[in-house]
Amino acid sequence: MRLSTVILPIHRWSEGQQTWRRAEDLGFHAAYTYDHLSWRYPFRDGPWFGALPTLTAAAGVTRRLRLGTLVTSPNFRHPVTLAKELISLDDISGGRVTLGIGAGGTGFDATALGQEPWTPRERADRLGEFVPLLDRLLTEAEVSHEGAYYSAHEARNIPGCLQRPRLPFAVAATGPRGLRLAARHGQAWVTTGDPKLYESGTPEQSVEALRRQAAGLDAACAEVGRDPRELDRILLTGFTPDRARPLDSVGAFVDFAGRHRELGFTEIVVHWPIPDSDFAADQDVFEKIAVEAAAQLG
């Protein structure tokens, strides 16, 4: 099992770069950031920097750490321009980029460009067109496409990604349509658990919900003729009923991670501590977990 972290883009680079360097020094497998124009409160009214420039800067101050988004969505992205930026980032980083991608939500990104918020069905429809087109844009030298939502006209992406045939996709999904998309195009699947359990559910209920989601991924892989063992399974923590409690101690984290490894998860992602937020945690304990828990989990 691999251990990774999410670093929110809330600090000017003169300060923030130290966190990305520290993540590599601590041995994290990957460091991700959220791809939003702004995020929920209390971050809504504070500093928030762009994901892809942040990851590009992080590539310049790290050497081994994988870098990525959790997650990018169609809310304000277009596959043609995103593909060009991803190919550039993959090259700058020496092939260390993973694209986390999902349908997005109804938060501030959903209306930042002046549009009405899309319905859940439209978000799923858009993602269903976005991902296959992005797949083509990252693997073919020239792409033309006329779809219901996106168009590309002789879009050229030469020389393509350093990672072949393209950089990996980690597809965030919980429902049947999204899981089929992950099965067809993903190198990994991402979940945060069942959001309905966050406020009043129990850790035990969360584990059962994740078990059902994992079974859904297995079924989606069978439907498209893919071996489910080919996909990594990523749990982004902080949104289950456990909340931040797994970061209370090394023992608490090892117990939490062990329960989820039994469900087939291959990567656990924890938030870098942010004081006075839902992601508050003792920094010394957090760093101890990064070093000691990862070794215990193998």
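Predicted model: local features only at pLDDT ≥ 70, side-chain atom pairs only at ≥ 80, totals over all residues.
## Nonpolar cores

The largest nonpolar core comprises 66 residues. Within this core, Phe28, Leu134, Leu138, Phe253 and Ile268 have the most contacts. Helix H4, which covers residues 120–139, is the element that gives the most to the core, contributing seven residues. Another core, of 19 residues, lies apart from it and includes Tyr32, Ile234, Val269 and Phe279. In soluble globular proteins, nonpolar side chains tend to be buried together.

The surroundings of Phe253 can be listed in detail. When neighbours within four places in sequence are left aside, Phe253 is in contact with Leu3, Pro246, Leu247, Ile268, Val270, Ile289, Ala293 and Leu297.

## Aromatic pairs and cluster

In one of them, the ring centres of Tyr41 and Phe108 are 5.6 Å apart and the planes stand at 85°, so the arrangement is edge-to-face. Tyr41 belongs to the loop between strand S2 (30–33) and helix H2 (51–61), and Phe108 to the loop between strand S4 (97–101) and H4, so the pair ties together parts 67 residues apart in sequence. Tyr41 counts as exposed, at 55% relative accessibility, whereas Phe108, at 26%, counts as partly exposed.

Trp189 and Phe265 form a stacked pair, with 5.7 Å from centre to centre and 25° between the planes. This pair also links distant parts of the chain: Trp189 is in strand S8 (residues 188–191) and Phe265 in the loop between helix H7 (250–261) and strand S10 (267–271), 76 residues apart. Both Trp189 and Phe265 are buried. Elsewhere, one aromatic cluster is formed by Tyr34, Trp39, Phe43, Trp48, Phe239 and Phe279.

## Arginine over aromatic rings

Two arginine placements involve ring faces. Arg126 lies over the face of Trp118, at 3.9 Å from the ring centre. The charged end of Arg166 sits over the ring of Phe169, at 3.6 Å from its centre.

H8 has a kink of about 30°, centred on Ile289. Ile289 is also one of the buried residues of the helix, together with Phe286, Glu287, Ala290, Ala293 and Leu297. These buried residues pack against strand S1 (2–6), helix H1 (13–25), H7 and S10.

Helix H1 contains Thr19, a residue that is buried, with a relative accessible area of 16%. Beyond its neighbours within four places in sequence, Thr19 is in contact with Ile7 and Trp272.

## Backbone geometry

Two cis peptide bonds are described here. One joins Leu70 and Val71, with omega about -10°; Val71 is placed in strand S3 (residues 66–72). The peptide bond from Arg164 to Pro165 is also cis, with omega near 5°, and Pro165 is found in the loop between strand S6 (151–156) and strand S7 (169–172).

Glu154, in strand S6, has a phi of about 50° and counts as partly exposed, at 39% relative accessibility. Asp276, in the loop between S10 and H8, has a phi of about 55° and counts as exposed, at 78% relative accessibility.

Technical notes: Residues numbered from 1 in each chain as written. Heavy atoms only, no water. Core = buried A, V, L, I, M, F, W, Y, C linked by side-chain atoms within 4.5 Å. Buried < 20%, exposed > 50% of the residue type's maximum accessible area, 1.4 Å probe, protein only. Helix = DSSP H or I, 4+ residues; strand = E, 2+ residues; numbered from the N terminus. Contact = heavy atoms within 4.5 Å. Phe/Tyr/Trp six-rings, centres within 6.5 Å; stacked < 30°, edge-to-face > 60°. Lys NZ or Arg CZ within 6 Å of the ring centre and 35° of its normal. Bend = angle between axes of the 7 residues up to and from the residue.
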